[in-house]
Amino acid sequence: MNQVAQLIPTISNNEVVHSTCPYCGVGCGVTAQQTAKGLQVVGDESHPANRGKLCIKGSNLADTVGMSHRLIAPQLGRGAARKQASWDQATHLIADKFRQCIDQYGRESIAFYVSGQLLTEDYYVVNKFVKGYLGTGNIDTNSRLCMSSAVAAHKRAFGEDIVAGNYQDFEQAELIVLVGSNTAWCHPILFQRIMVAKAENANLKVVVIDPRFTATCEQADLHLPILIGQDICLFNGLLQYLNEQGYADQAFIDAHTTQLDRALDVSQAEQDLDFVASETGIAIEKLLEFYQLFAKTKKVITLFSMGVNQSSQGTNKANSIINCHLLTGRVTGEGMGAFSMTGQPNAMGGREVGGLANMLASHLDIDNPTHQQLVQDFWQSPHIAQKVGLKAVDMFEAVEAGKIKAIWIMATNPVVSLPNSDQVKRALEKCEFVVVSDVCKDTDTTDFADVLLPAQAWGEKDGTVTNSERRISRQNAFLSVPETIKADWWAVSQVAQKLGWQGFDFNSNYQIFLEHAKLSTVGNGFASERDNLPAFRYFNLQGLSDISQGEYNALKPIQWPVYADKPGTSRIYGDGIFSHTDSKAKFIATPNVAPKNKPNAEYPLILNTGRVRDQWHTMSRTGLSANLSTHRSEPYCEIHPQDALKFGIKEFDLVEVRSEWGRCVVRGQFIGMIKSLPMHVSVRWLILWLMQFRVSLSLSIHQ
């Protein structure tokens, strides 16, 4: 179907609109301006996250807006039978199919798979729809793959999913430990802030813990080339070293923590430095250098990201890091703390509204009857989810098994980005009813849609996002689109209304934000009042719960909690009051479990996936900018020269990578070589579907 339309700027020439970058979790501010030369997008000097700086992806945002690839109107039917339809027809069909599923199979037969690309307002409405009216926990997000381990670790240690510090801590620290993060490529603006701080402070040291020598390692004072999967062993060893050498902050431990003995008992094996060195593959001299540096430096901040989270032991890895900070009392305060760095621009916002299958909105617990009642009463909803729903991978397995009869996918491309993409394809092929909301008309996932809904893209949608330091920012629209392209919250509300559900008569994102903010105050208050509160949590937007439309439109970046008498909160837990009912943080026992996937005769190698600096997710946005293909024009597989010799592989050969989850063909590049890959036509990001981070694999030359 030939669809033609134009994006029309809603701003006059030289008018400046403040917004945020739609890429990583740093949450950089941008400004958009229509000039005689066209749309210009630059860094926002007034935004505290980036202070006007942008990485190459953000700098090329103007290249990625356009209509050539866009879905313009709803479409019904799969494949050749697909036809254009009205929104009324599409939403009626969705409502009818959902009602049939509820009547015939029950509420658990419907699922939603959403994305950290959604704005908080979109996220809130869909979560209300699923957990408050549909009455199931079957909604999960692609943030499951990158952030759920950190969420669980925070809740276990602190009682709430909280990153206590902020980006300024990286500039005030004297030691920064980067774990499972190629920060220079994946969060470049924060990395630049670290490098500036390092240049200005001769005492600031940077340690990078990574199996590979990455661009981040080039600027480090110490690189620890850890064996894959041994992070827990390393940090258990650090915990034991700090305790034995007298670096425990006993006053803090006694007053503000519990369960240290259990954590020490479980990690007894790591008392032996020779054992830790053997398990981690790190030379004992380097191991001691790191341990002594951590022990003797008060202002230590440890950033952990995908290399920690995306693992079968991800939660324990995160808790093993947090344990070391709890032992030394370095949890909050200037330049210290364990800092979980999110991958997506609104992964944190999604967590605020309960976007994961094991959460309720507003940091409330899905399996807590008191919390269930609070949310249900606030929403005045007929049903409330009472148990954890299906998580991302389990959800698509349930689709293939026929347990899920209908699924709605929003702002993500799981056929490419989920592990075991062949299984996801099989599931969607078999699913009775698939709805996909997307910007693009042609993705690997839209091929399976029975109903395809055109969503607003960056620059067109309006609302808020929350970055990794809990900073809420406005993402303002500055482009108009045809009336047939709608916000995701609007689409969900239309279906809810056709199902006869009250509470979805939203006319604007402003109304949704106010409801979201008011829910954060339900059963909530100040830490000093917690004994008389049914559901105390630090997530609190009281000061934003009654702002005017104009104040919402002009909202400046602000960190939660936002109380009525405070302009945001830069750090949490400074008073030592944590979110557990006893107000104390918990040490978590983190046994070092051997990796499940070990090399064997069939799969003799280990795959450790990474990210390409200038591309994002499945390239549906970044692939539109030619400038972003100049650094790496195609996916590749880094191979050690000795392994390449063993398998008869020459550099730049096409290599077939096989694991038990599937196969792909990419070009081989030797580790340690500085040569650039040869220029070729950009290909789809094949390596992404091998997202199971620590897997055994086999290689062969692809002739």
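Reader: In which loop does E334 lie?
Author: This is a predicted model, in which local features need pLDDT of at least 70 and side-chain atom pairs count only at pLDDT 80 or more, while totals for chains, interfaces and linings use all residues. Residues are numbered from 1 along each chain as its sequence is written, and side-chain values use heavy atoms, leaving out hydrogens and water. With helices (H or I, at least four residues) and strands (E, at least two) taken as DSSP runs numbered from the N terminus, E334 belongs to the loop between helix 14 (314-327) and strand 14 (337-340).

Reader: Is E334 buried, partly exposed or exposed?
Author: Buried means under 20% relative accessible area and exposed over 50%, with partly exposed in between (1.4 Å probe, protein chains only). The relative accessible area of E334 is 44%, so this residue counts as partly exposed.

Reader: How are the rings of F112 and F129 arranged?
Author: F112 lies in strand 7 (residues 110-114) and F129 in helix 3, so their pair ties together parts 17 residues apart in sequence. Rings of Phe, Tyr and Trp (its six-membered ring) pair if their centres lie within 6.5 Å, and planes under 30 degrees apart count as stacked, over 60 as edge-to-face and the rest as tilted. Here the centres are 5.5 Å apart and the planes stand at 55°, so the pair is tilted.

Reader: Which arrangement do the rings of Y133 and F504 have?
Author: Y133 is buried at 2% relative accessible area, and F504 is buried at 1%. Their ring centres are 4.9 Å apart and their planes at 70°, so the pair is edge-to-face.
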